[in-house]
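Me: I'm new to reading protein models, and I'd like to go through one feature at a time. Could you walk me through this one?

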Amino acid sequence: MAVSKDMAIYVKDLLMEEEMNGARLISGEEGLDNEIKGVTIIEAPDIVKWINGGEVLLTGLYAFRSCSMEDFKNYIDELVKKKISALILKRGKPVEGAEDKVEYLIQFSRKHTIPILEVPFEISFRDVMSRLMERLFNEEVTRLKYFKTTHDNFSALVLGSESIGVAIDQILDVLAKLIRNPVAAFNRQLDCIGASEGAERSLEIQKDAQSYEPGVYSNYEYLRQQIENRQQYIVKVKLNLRERLYLVITEEEDSFDVMDAIATESAIWALQFELVRQYSVTELEKKFQNDIMHNILNGKIDSISELQKNTSLLGVPINGSFRVIVFGLKGEDRDKRDFKSKISDTHLLSDAIACQMTNVKIYNDLDRIVVVKEVNKEQTQEEYRQEIREIVDKVQAYVSRQDKELQVKAGVGKVVEGVINLPDSFKEANEAFTFVDIAGEISEDGNSQVTLFSDLGIFKLLCQLDNPELLLEYVPEGLQKLYNYKKPQRDDLLITLKTYLDRNLNLSKTAQDLFVHYKTASYRIEKIAKITGVDFDNANEVLAFRIGLVVYKMIEKYNKDYL
C-alpha cells in the first residue's frame with residue numbers, strides 16, 4: 001500500500017477548503033505551517049482545561065460576551081500552555097468590548113505565531129468542524145491501515161524464517177526500505193547484532209541525547225541526538241530483566257516522521273519475537289550443554305562410547321589438551337543481595353566471559369562459571385599465567401561497567417590430556433578458587449584475583465583438608481596464643497605481625513605501612529614476641545608463623561564459628 005510520508009493537516013490547508021470559502025488570514029502568517037491535531041468550539045471560557053494541544057479553536061467570542069477584558073486576557077494567555085494551532089474567528093453576535101478583544105487576539109497571535117482566520121458570519125462552524133474531523137479521522141484510519149500492513153509484513157517475515165539469526169538482518173533491511181534510512185540494532189553492551197546496508201555498526205549514546213516524542217503511542221523510549229550533520233534516533237527496548245535492545249535510525253535521505261515511527265513500532269515487535277526465539281533456543285542449548293559438562297567434569301561417564309558421544313555433541317576433541325578455570329564474584333554487599341540479584345550477577349559474569357574468551361565451553365555451576373579451554377601444550381606456565389590474568393582483567397572491566405562493586409576472581413587447574421581427565425583439572429580449579437581470597441597472603445605481588453593451583457606450593461596439601469581441627473595442627477602454638485589473646489590490642493598486633501613478616505622483618509617499613517611511629521611498631525613487635533615466644537631470628541619459626549597466618553584464614557573461610 002502506497003502511503004504518503006506527510007499526511008498531516010496544516011493551518012494553511014484550511015484556506016483551500018471549500019467550507020472555508022471567504023475566509024481570510026488576519027494575523028499570524030508565520031504559523032500557517034502549524035499542524036492541526038484536533039478541532040473544538042469555544043462554548044465556555046474554561047474550555048482551555050479540556051484542550052490537549054494542537055487544536056484549531058472556533059469562536060464567535062460569544063462565550064466571552066460578559067467577561068471583563070482582564071478575564072479575557074487571562075483566558076487567552078492560558079492557551080499558550082496548550083500550544084493550539086490556530087483560531088478561527090466569526091463576528092456578528094453582540095459581544096461587550098468585541099473590538100478590544102479582537103485587537104488583543106491579534107497581539108496574542110503575532111506574539112505566539114498562532115494564526116487567526118476570520119470567516120464570514122454565514123459559514124457554519126459545524127460544517128468547518130465536520131470537514132476537519134473527517135480529514136483527521138481519515139488520517140487516523142490511514143495510519144491504522146499502514147500499521148496493520150507493516151505489522152503483517154514483518155509477522156510473515158519472522159514466522160516464515162527457518163534460520164535463527166537471519167531474520168534480524170531481514171527485518172532491518174525491510175524497515176530501512178520503508179523509512180528510506182539506514183537502521184542498525186545493538187544489544188545491552190552496545191554490540192551491533194544486525195544492520196541494514198550503509199548503517200553504522202557502532203553506537204555511542206551521547207550525554208546530550210534528548211527525549212523524542214514520535215507522534216504515536218509507544219511503550220518504548222525514543223531519544224534523538226546529532227551525529228555530525230545528521231539526526232539520529234535511538235529506540236530503547238527492554239526485552240527482559242537482563243536484555244535490552246537499541247534500535248538506531250540515522251537520517252540519510254528523508255526526515256523521520258510519524259509514518260516512519262509506525263513502521264518502526266512494527267519492526268520492533270518482529271525483532272522482539274525473533275530475539276525471544278533466539279534466546280529460547282540459546283537457553284535450551286545451554287541447558288543441554290550444562291548437563292553434559294556437569295557429567296564430564298564430575299566423572300559421571302559410564303563408558304567410552306558415552307564419552308565419545310558427549311564430546312561430539314560439545315564439539316571438542318576427545319584427546320585434546322584442556323585446562324579448567326572456575327570464575328566467581330565477590331563484593332562487600334554481595335552476601336546481602338537477594339537471590340534474583342545474585343542470579344543476575346552470575347549471568348553478567350557469564351556474558352563477560354563469553355565476550356572475552358573464544359572457543360571455550362562454559363558451564364554454569366550455581367554461582368560459579370566453569371570454563372573448559374583447549375590449550376596449546378607448547379605454552380609455558382609463565383606465558384599462560386600472563387594470558388589468564390589479562391583475560392580476568394578484561395572480564396573485570398566488562399563487569400565493572402555494569403556494577404563497580406563486584407570483583408571477579410578465578411581459580412585455574414592444571415593442563416590435562418583428554419576429556420576423560422577433565423575432573424582432575426576441575427578439582428584443582430575449584431580448590432584454587434576456594435583459595436583465591438587467601439592467595440594474596442602468599443603471592444609475591446599480592447595479587448589474589450587469580451590463583452593457579454600449581455602456584456600454591458605446600459598449600460596444595462592444605463587445600464585437601466577441610467576440617468578446622470586438622471588445619472589448626474599446622475598453626476604454631478605461639479600464634480594460637482596470639483589469636484586467643486582476648487584484649488582489644490589483639491587485632492592491631494595481628495596486623496603488625498603480618499606486615500612485619502611481609503616486610504622481611506624490617507621495622508621501619510612496617511611502621512610506614514601501618515602509618516604508626518617507629519617506637520609504636522617496635523613496642524608491638526616486643527609485645528608479640530612476649531605473647532607468642534617466637535624467635536624472629538629463627539628462619540624456621542618465621543616460616544611456620546607465615547604458614548600459620550594463612551592457615552588461620554583458611555579456617556575462617558571453612559568455619560567462621562570455629563575460632
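Predicted model: local features only at pLDDT ≥ 70, side-chain atom pairs only at ≥ 80, totals over all residues.

Me: Where do Asp291 and Lys287 sit relative to each other in helix 6?

Reply: They are four residues apart in helix 6 (residues 258-297), so about one helical turn separates them. Asp291 has a relative accessible area of 36%, so it counts as partly exposed. Salt bridges can also share partners: Arg24, Arg91, Glu99 and Glu118 are joined into one network that way.

Me: How many salt bridges does the count come to?

Reply: The count is 22, taking a side-chain nitrogen of Lys or Arg within 4 Å of a carboxyl oxygen of Asp or Glu as the rule. One of them is between Asp152 and Lys148, at 2.8 Å from N to O. Both residues belong to helix 4, four residues apart, which is about one turn of the helix.

Me: Are Asp152 and Lys148 buried, partly exposed or exposed?

Reply: To read that, use the cut-offs: buried is under 20% relative accessible area, exposed is over 50%, and partly exposed is in between. Asp152 has 37%, so it is partly exposed. Lys148 has 52%, so it is exposed.

Me: Which parts of the chain does the pair of Arg135 and Glu17 link?

Reply: First, the bridge itself: the closest N and O atoms of Arg135 and Glu17 are 2.7 Å apart. This pair links distant parts of the chain, with Arg135 in helix 4 (residues 125-160) and Glu17 in the loop between helix 1 and strand 2, 118 residues apart. Try the cut-offs again here: Arg135 has a relative accessible area of 25%, so it is partly exposed, while Glu17 has 13%, so it is buried.

Me: What else lies in the loop between helix 1 and strand 2?

Reply: Leu15 is in that loop, and helix 1 covers residues 11-14. Leu15 counts as partly exposed because its relative accessibility is 36%. Leaving out residues up to four places away in sequence, Leu15 touches Ala23 and Leu117. For a sense of scale, the C-alpha atoms of Leu15 and Val408 are separated by 69 Å, and the two residues are 393 apart along the chain.

Me: Which residues does Gln396 touch?

Reply: With residues up to four places away in sequence left out, Gln396 touches Leu406, Gln407, Val408 and Gln449. Gln396 lies in helix 9 (residues 381-402), and its relative accessible area of 14% is why it counts as buried.

Me: How do I read a single helix, then? Which residues are buried in helix 3?

Reply: Start with its length. Helix 3 (residues 98-112) has 15 residues and reaches 21 Å from its first C-alpha to its last, close to the 21 Å expected at 1.5 Å a residue. The buried residues in helix 3 are Lys101, Val102, Tyr104, Leu105, Ile106, Phe108 and Ser109. Their cover includes strand 2 (24-27), helix 2 (69-82), strand 6 (86-89) and strand 7 (116-118). Just after helix 3 comes Thr113, with a positive phi of about 50°.

Me: And what describes two packed helices?

Reply: The angle between their axes and the distance between the axes. Take helix 16 (residues 507-514) and helix 17 (residues 518-532): their axes come within 9 Å and cross at roughly 110°. That makes helix 16 roughly perpendicular to helix 17. In helix 16, Leu507, Ser508, Ala511 and Leu514 meet Tyr518, Ala521, Ser522, Arg524 and Ile525 of helix 17. Sorted by class, this contact has six nonpolar, two polar and one charged residues.

Me: At what angle do helix 15 and helix 17 pack?

Reply: Helix 15 (residues 490-502) packs with helix 17 at about 100°, and their axes are 10 Å apart. That makes helix 15 roughly perpendicular to helix 17. Asp492, Leu493, Thr496, Leu497 and Tyr500 in helix 15 meet Ala521, Arg524, Ile525, Lys527, Ile528 and Ile531 in helix 17. By class, that contact has seven nonpolar, one polar and three charged residues.

Definitions and conventions. Residues numbered from 1 in each chain as written. Heavy atoms only, no water. Helix = DSSP H or I, 4+ residues; strand = E, 2+ residues; numbered from the N terminus. Expected span 1.5 Å × (residues − 1). Buried < 20%, exposed > 50% of the residue type's maximum accessible area, 1.4 Å probe, protein only. Contact = heavy atoms within 4.5 Å. Axes fitted to C-alpha atoms, helices over the stretch in contact; angles between N-to-C directions. Parallel < 35°, antiparallel > 145°, perpendicular 65-115°, else oblique. Nonpolar A, V, L, I, M, F, W, Y, C, P; charged D, E, K, R; others polar.
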